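This report describes selected sites in one protein structure. Please keep the sequence and the coordinates at hand while reading.

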Amino acid sequence: MLSTPAYAAQNAKSKLAPFSIQRREPGPHDVLIDIAYCGVCHSDIHQARDEWGNSIFPMVPGHEIVGKVSKVGSAVKNWKVGDTVGVGCFVDSCRECEACNAGEEQFCSNGMSVTYNGYERAGVKLDKSKPTYGGYSTRITVNEDYVLRIPDGIPLDRAAPLLCAGITTYSPLRHFGVKKGDKVAIVGLGGLGHMGVKLAHAMGAHVTVLSHSPGKKDDALKLGADDFIATKDADVFTKNAATFDFILDTVSAQHDYNAYLGLLKRGGTMCLVGLPDPTPLSAGPLIMGRRRLAGSLIGGIKETQEMLDFCAEHDVASDIELIKIDQINDAYERMVKNDVRYRFVIDIASLS
Ligand code: NAP
Ligand code: ZN
């Protein structure tokens, strides 16, 4: 085993602090990655604080991982030492179910092995004796099929957030067929939201940001939005009724879905990716206009690679604030207070 420095939460109330974990020596099909940077997703906070009620402690969060391959197993063909690679929200899946066969491993019916706060596998099933640990650590051993290639040209620190925030917004924009000229609204300008703006803009959509922070207007326009609506003004929901073909909702806190559904055109779709506490929903706004409410979860390996290549082609990367690992607890506080422009990324060199 490889003794590896990390940062962990010991329970839902504790701050993150130095911790040591054991990584497995690469097996024939494994790749060992020296982690350079890891993005900080709001899901890290939800889970470190057990806000979803499924947390496994001690927890080493982090699922926006980039770095260099430092060792490969004897049977690995596609990766070599020195390759620049990424790891997203899962590190394995059953490879047998319909979802895995369709390249949508995130919906694995035997449960994907999430990168942290989950379990490694014993064949098809999860092995509950082997918890997974994420990217707030100096290295990670991952099966070769769950590693992504980071294209040249994307600065590595700014690439890290693509592994979750990037794919989580790219996948629904593609799945629901957003195309040139469509009127798209991105709700919430945070880590996911700012990637949603950049990606929808690169796909040729007319992009509007709906934000409860009026001060983010200039940023929204710089990021590629065509328009900005401050949702604090009471009349915005009537003034902008039936405006959008597609709404992507990235908000991490409770808010009124019904009001936002009214902003969709007839037949329009609102897709949720933010995961707040349970939120009331009425049938009325869906029925009036045959509107659709959907959800989406990250993306499969194939689509994540497609997204990374799309970002390289369209010069898209995350806007980040680079931090040292000992700033992580402050970073969590700042994210909860909505004080991040637009993703914290940990320089993992500060952990070695
Ligand atoms: P984030 O950077 O903290 O951004 C969340 C945004 O929500 C904020 O920037 C803010 O935008 C808005 N917001 C926050 N509090 C609000 C409030 N009280 N009322 C209205 N709006 C509020 O978080 P993130 O990392 O982008 O993650 C967003 C959510 O997506 C989290 O719940 C996370 O767990 C979830 N997530 C889901 C997936 C998936 O696969 N579905 C993947 C990753 C993350 P404005 O200031 O512009 O209003
Ligand atoms: Zn995430």
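## Basis of the report

The structure is a predicted model. The values given here are therefore to be read as properties of that model.

## Surroundings of ligand 1

The shell around ligand 1 consists of 28 residues, and the closest of these are H42, S211, H212, S213 and R343. By class, the shell holds 11 nonpolar, 15 polar and 2 charged residues. Two helices, α1 (42-48) and α5 (191-202), each contribute at least two residues to this shell. The greatest contribution comes from α1, which provides 3 residues.

Oxygen atoms of ligand 1 make polar contacts with both backbone and side-chain atoms of the protein. An N or O atom in the side chain of S213 lies 2.4 Å from a ligand oxygen; S213 is also listed among the closest residues of the shell. On the backbone side, a polar atom of G191 is 2.8 Å from an oxygen of ligand 1, and a polar backbone atom of L275 is 3.0 Å from an oxygen of ligand 1. Ligand 1 taken alone exposes 920 Å², of which the protein buries 90%.

## The second largest pocket

In terms of class, the lining is made up of 5 nonpolar, 6 polar and 6 charged residues.

Which strands supply at least two residues each to this lining? They are β2 (17-23), β6 (90-92), β8 (119-122), β9 (125-131) and β10 (139-143). The largest share, 3 residues, is that of β10.

## The enclosed cavity

How many cavities of 30 Å³ or more does a search of the whole structure find? The search finds 1. The largest cavity holds about 70 Å³ of space.

The residues that line the largest cavity are G88, C89, F90, Y146, L148, L163, I167, I298, G299, I301 and T304. This lining contains 8 nonpolar and 3 polar residues, and no charged ones. One of the lining residues, I298, also has a positive phi, near 25 degrees, although I298 is not a glycine. I298 lies in the loop between β17 (292-295) and α10 (301-314).

## Backbone geometry

Most residues other than glycine have a negative phi, and most peptide bonds are trans. The bond joining F57 and P58 is cis, with omega at about -5 degrees. P58 belongs to the loop between α1 and β4 (65-72).

The peptide bond from R341 to Y342 is also cis, and its omega is near -10 degrees. Y342 is placed in the loop between α11 (328-336) and β19 (343-347).

## The loop position of T243

T243 occupies the loop between α7 (236-239) and β15 (244-249). The side chain of T243 reaches the backbone oxygen of N240 at a distance of 2.6 Å. Leaving aside residues up to four places away in sequence, T243 touches K183, L263, L264 and K265.

Notes
Residues numbered from 1 in each chain as written. Chains lettered and ligands numbered in written order. Predicted model: local features only at pLDDT ≥ 70, side-chain atom pairs only at ≥ 80, totals over all residues. Heavy atoms only, no water. Near = heavy atom within 4 Å. Polar contact = N/O pair within 3.5 Å; in protein donor to acceptor, adjacent residues only side chain to side chain. Areas by Shrake-Rupley, 256 points an atom, 1.4 Å probe, with all protein chains shown as cover. Helix = DSSP H or I, 4+ residues; strand = E, 2+ residues; numbered from the N terminus. Nonpolar A, V, L, I, M, F, W, Y, C, P; charged D, E, K, R; others polar. Contact = heavy atoms within 4.5 Å. 1 Å grid on protein atoms, 1.4 Å probe; cavity = no way out; pocket = protein on both sides within 12 Å on 5 of 7 lines; lining within 4 Å. Points joined across faces, edges and corners; volume = space filled by probe spheres on them.
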